[in-house]
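Work through the exercises below with the structure open. Each task is followed by a solution in steps.

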Amino acid sequence: MAEFELDCLGEACPIPLVKTEKKMQELDVGDTLIVMIDHSCALKNVPEWARKNNYDVEVEEVGESEWEIFIDKTA
Amino acid sequence: MKLSSNKYYQTWFKNPWTYVTGAILLSIFQLVTIATTDGAWGVTGPFAVWGAWVVQAFGGSVDHWYFFSTESGRAALDRTFLTDPASVRNLGVIIGALLATLLASQFKFKKIKNLRQVGAAVFGGLLMGYGSRIAFGCNIGALYSGISNLSVSGWVFALFMFAGAFVGSKLLVKYFMQ
């Protein structure tokens, strides 16, 4: 049940998505990945990709144009 | 009640509109553009004209440039910023984007991660600018307006744009993923 952080602040699309895909492969089932982003396009495509993979996703707006995406590796 | 939790504020200003809503609005306004300005929607054309105006302001001449030797090229040079619909529209795009991001309270100066980002942005910008001038425009003027006005050139542009995007994404993964 470990928690990992992925700092994608200042990175434009599609880098946050590609990095998230890569990082999720390294995680064990039950782990959580927190992706930090500040590009609104990643706010759309990262959760979309995660939901398509049946992961649990939660988005939190932590500041002006800054978000944290929580992805649970459920399977 | 806080404005940020008002559901109408969230629907209209905070949450992104769907792609379908955007597509419908773009279709309507490109028709308005053609009806009111007698020209299809384009973005990068005025950049070349702005550049020419700067050259002229410093006493230079662009008369012998092939790009401005056409009738429409000369006509564009004779206009001013405020009488050139495309220039005013570009300004509107910038002001509108700023307004939208401020209303959603998502304005932020993003930090630059490394010099590589700057280099790629400058080099990519030059390639896009040059490419759009030797084509019939950018992905708006050549692709969107081309296809929506039933021109084959728009589809040809689309084909090569996908090829370019494919190569670009390979380069992106190779040089920007560490």
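**Exercise 1. A loop residue in chain B**

Is B:Leu150 buried or exposed?

Solution. The model is predicted, so every value here is computed from predicted coordinates.
Step 1. Find the residue: B:Leu150 sits in the loop between H7 and H8 of chain B.
Step 2. Take its relative accessible area, which is 78%.
Step 3. Apply the cut-off: exposed means over 50%. B:Leu150 is therefore exposed.
Step 4. Check the backbone. Phi of B:Leu150 is near 60 degrees, a positive value in a residue other than glycine.

**Exercise 2. The helices on either side of that loop**

Describe how H7(B) and H8(B) pack.

Solution. Two packed helices are described by the angle between their axes and the distance between the axes.
Step 1. Helix H7 of chain B covers residues 139–148, and helix H8 of chain B covers residues 152–176.
Step 2. Their axes are 7 Å apart, at an angle of about 130 degrees.
Step 3. Classify the angle. Over 145 degrees would count as roughly antiparallel, and 65 to 115 as roughly perpendicular. H7(B) and H8(B) are therefore oblique to each other.
Step 4. List the contact. H7(B) brings B:Asn139, B:Ala142, B:Leu143, B:Gly146 and B:Ile147. H8(B) answers with B:Gly154, B:Trp155, B:Phe157, B:Ala158 and B:Met161.
Step 5. Sort these residues: seven are nonpolar, three polar and none charged.

**Exercise 3. A helix pair in chain A**

At what angle do the axes of H1(A) and H2(A) cross, and how is the pair classified?

Solution. 
Step 1. Helix H1 of chain A runs over residues 15–26, and helix H2 of chain A over residues 40–52.
Step 2. The axes come within 9 Å and cross at roughly 30 degrees.
Step 3. Angles under 35 degrees count as roughly parallel. H1(A) and H2(A) therefore fall in that class.
Step 4. H1(A) passes H2(A) in a right-handed crossing.
Step 5. On H1(A), the contact uses A:Pro16, A:Leu17, A:Thr20, A:Glu21 and A:Met24. On H2(A), it uses A:Ala42, A:Asn45, A:Val46 and A:Trp49.
Step 6. The contact residues divide into six nonpolar, two polar and one charged.

**Exercise 4. Salt bridges**

How many salt bridges does the whole structure hold?

Solution. 
Step 1. Over all chains, a search finds seven salt bridges.
Step 2. Start in chain A. The side chains of A:Lys19 and A:Glu11 meet at 2.5 Å, N to O. Both residues are buried.
Step 3. Take another bridge, B:Lys108 to A:Asp38, at 2.7 Å, N to O. B:Lys108 lies in the loop between H5 and H6 of chain B, and A:Asp38 in the loop between E2 and H2 of chain A, so the pair joins two chains.
Step 4. B:Lys108 is partly exposed at 23% relative accessibility. A:Asp38 is buried at 0%.
Step 5. Turn to B:Asp84 and B:Arg79, whose closest N and O atoms are 3.2 Å apart. B:Asp84 is buried at 5%, whereas B:Arg79 is partly exposed at 32%.

**Exercise 5. Backbone geometry in chain A**

Where does a cis peptide bond occur? Which residue has a phi near 65 degrees?

Solution. 
Step 1. The cis bond joins A:Cys13 and A:Pro14, with omega about 5 degrees.
Step 2. A:Pro14 is in the loop between strand E1 and H1 of chain A.
Step 3. The positive phi near 65 degrees belongs to A:Asn54.
Step 4. A:Asn54 lies in the loop between H2 and strand E3 of chain A, and is exposed, with a relative accessible area of 62%.

**Exercise 6. Chain B overall, and one serine**

What is the secondary structure of chain B? Is B:Ser87 buried or exposed?

Solution. 
Step 1. Chain B has eight helices and zero strands.
Step 2. Of its 178 residues, 20% count as buried.
Step 3. B:Ser87 is in helix H5 (residues 85–103) of chain B.
Step 4. Its relative accessible area is 0%, so B:Ser87 is buried.
Step 5. Leaving out residues up to four places away in sequence, B:Ser87 touches B:Pro46, B:Trp50, B:Trp53 and B:Phe81.

Definitions and conventions. Residues are numbered from 1 along each chain as its sequence is written. Chains are lettered from A and ligands numbered from 1 in the order in which they are written. This is a predicted model: local features need pLDDT of at least 70, side-chain atom pairs count only at pLDDT 80 or more; totals for chains, interfaces and linings use all residues. Side-chain values use heavy atoms; hydrogens and water are left out. Helices (H or I, at least four residues) and strands (E, at least two) are DSSP runs, numbered from the N terminus. Buried means under 20% relative accessible area, exposed over 50%, partly exposed in between (1.4 Å probe, protein chains only). Contact means heavy atoms within 4.5 Å. Axes are lines fitted to C-alpha atoms, for helices over the stretch in contact, and angles run from 0 to 180 degrees between N-to-C directions. A crossing is left-handed if the near helix is turned anticlockwise from the far one by less than a right angle, and right-handed if clockwise. Ala, Val, Leu, Ile, Met, Phe, Trp, Tyr, Cys and Pro count as nonpolar, Asp, Glu, Lys and Arg as charged, and the others, Gly among them, as polar. A salt bridge is a side-chain nitrogen of Lys or Arg within 4 Å of a carboxyl oxygen of Asp or Glu.
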